[in-house]
Amino acid sequence: MSRRLFVTSTGTEIGKTLITCALAHQLRGTDTRVLKPVVSGYEPDQAAASDPGLILAARGEAVTEDAVAAIAPWRFRTPVAPDLAARLEGRAMTAAEVAAFCAKAGDAVETLIVEGAGGLMAPIAERETFLDVLALTRWPSLLVIGSYLGTLSHTFTAIETLRARNLPVAGIVISESERDAQAIPELRRSIAAFLPELPVCVVPRLAGPRPWASAPTLTQFLVEKS
Ligand SMILES: Nc1ncnc2c1ncn2[C@@H]1O[C@H](COP(=O)(O)OP(=O)(O)OP(=O)(O)O)[C@@H](O)[C@H]1O
Ligand SMILES: [Mg+2]
């Protein structure tokens, strides 16, 4: 039995890491790996504040250089889209390489969670985006969306895009936005009207140094596959 989940989002800074950390925290003590294969804006001397650093902390693991490198092999200092960051730093990656890394890293584990970089179609190479990684792995996506004004169009566009490539969607998590937030019940109603088959969970604004620890249960989005 194996469970695979790709945490993606309608854009950057929406809440993927928070949701990935919540899952990592809720899955402590189980046979789980959590990856953040591509990360830009990574400062080695501030590793604890980086996405892979937060993921390790949520799992209760030490944030060492080796531990970060093992879950995030493509780390770029420049805080721009991965394709540009790679080009500026004289490196390159392909969707096939990222997908192969994820598949190998998850080879022997029961549960594998992968956080994307940026939004669903963030470019990772000259003519490839993260969607191409999803298309290669074909693992279900958990789409993290905000509650800001305009989120519905972004959400429906992302779902249509996934469906156009015949990719499975595990569900939607609304991570409450700090700014321009709309009423969550109204958002839920619209999502249910357009996408009645998709499970939706709401993560309210969470505070504190370990916000993921107080997130609602999200493990229902992990589906067993034999
Ligand atoms: N529901 C929430 N409650 C409190 N803070 C939140 C919530 N959702 C997101 N945030 C905060 O917003 C910021 C951006 O979220 P996060 O880092 O999870 O986004 P991301 O989608 O992973 O971004 P990136 O594309 O850079 O990986 C973080 O400081 C995060 O803690
Ligand atoms: Mg992140």
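Me: Which helix gives the most to the shell around ligand 1?
Reply: Keep in mind that this is a predicted model. Among the 16 residues around ligand 1, the ones that come nearest are T12, G15, K16, T17 and L18. With three residues in the shell, the top contributor is helix 1, residues 16-26.

Me: Which residues of helix 2 make the contact with helix 1?
Reply: Helix 1 passes helix 2 in a right-handed crossing. From helix 1, the contact uses T17, T20, C21, A24 and H25. By class, the residues of this contact come out as five nonpolar, three polar and one charged. On the helix 2 side, they are D51, L54, I55 and A58.

Me: On to the sheet: which strands are its edge strands?
Reply: This is an open sheet of six strands with parallel pairing, in the order 2-5-1-8-9-10. Neighbouring strands are turned by 20° against each other on average, ignoring direction. An edge strand pairs on one side only, and that picks out strand 2 (32-35) and strand 10 (200-203).

Me: Which residue in strand 5 is the bridge partner of V7?
Reply: Strand 1 (residues 3-9) pairs with strand 5 (residues 111-115) in the parallel sense, over five bridges. For V7, the partner in strand 5 is E115.

Me: What angle does the direction of helix 7 make with that of strand 8?
Reply: Helix 7, residues 151-164, packs on the sheet. There it touches strand 8 (141-145) and strand 9 (169-175). Its direction and that of strand 8 make an angle of about 165°.

Me: How does helix 5 lie relative to helix 6, oblique or parallel?
Reply: Helix 5 (residues 95-105) and helix 6 (residues 130-137) pack with their axes 8 Å apart. The angle between them is about 50°. That value therefore makes helix 5, relative to helix 6, oblique.

Me: Which residues in helix 6 does helix 5 meet?
Reply: Helix 5 passes helix 6 in a right-handed crossing. Helix 5 brings A95, A96, V98, A99, C102 and A103. The residues of this contact divide into eight nonpolar, one polar and one charged.

Technical notes. Residues numbered from 1 in each chain as written. Chains lettered and ligands numbered in written order. Predicted model: local features only at pLDDT ≥ 70, side-chain atom pairs only at ≥ 80, totals over all residues. Near = placed C-beta within 6 Å. Helix = DSSP H or I, 4+ residues; strand = E, 2+ residues; numbered from the N terminus. Left-handed = near helix turned anticlockwise from the far one by under 90°. Contact = placed C-beta atoms within 7 Å. Nonpolar A, V, L, I, M, F, W, Y, C, P; charged D, E, K, R; others polar. Pairing = 2+ DSSP bridges. Axes fitted to C-alpha atoms, helices over the stretch in contact; angles between N-to-C directions. Parallel < 35°, antiparallel > 145°, perpendicular 65-115°, else oblique.
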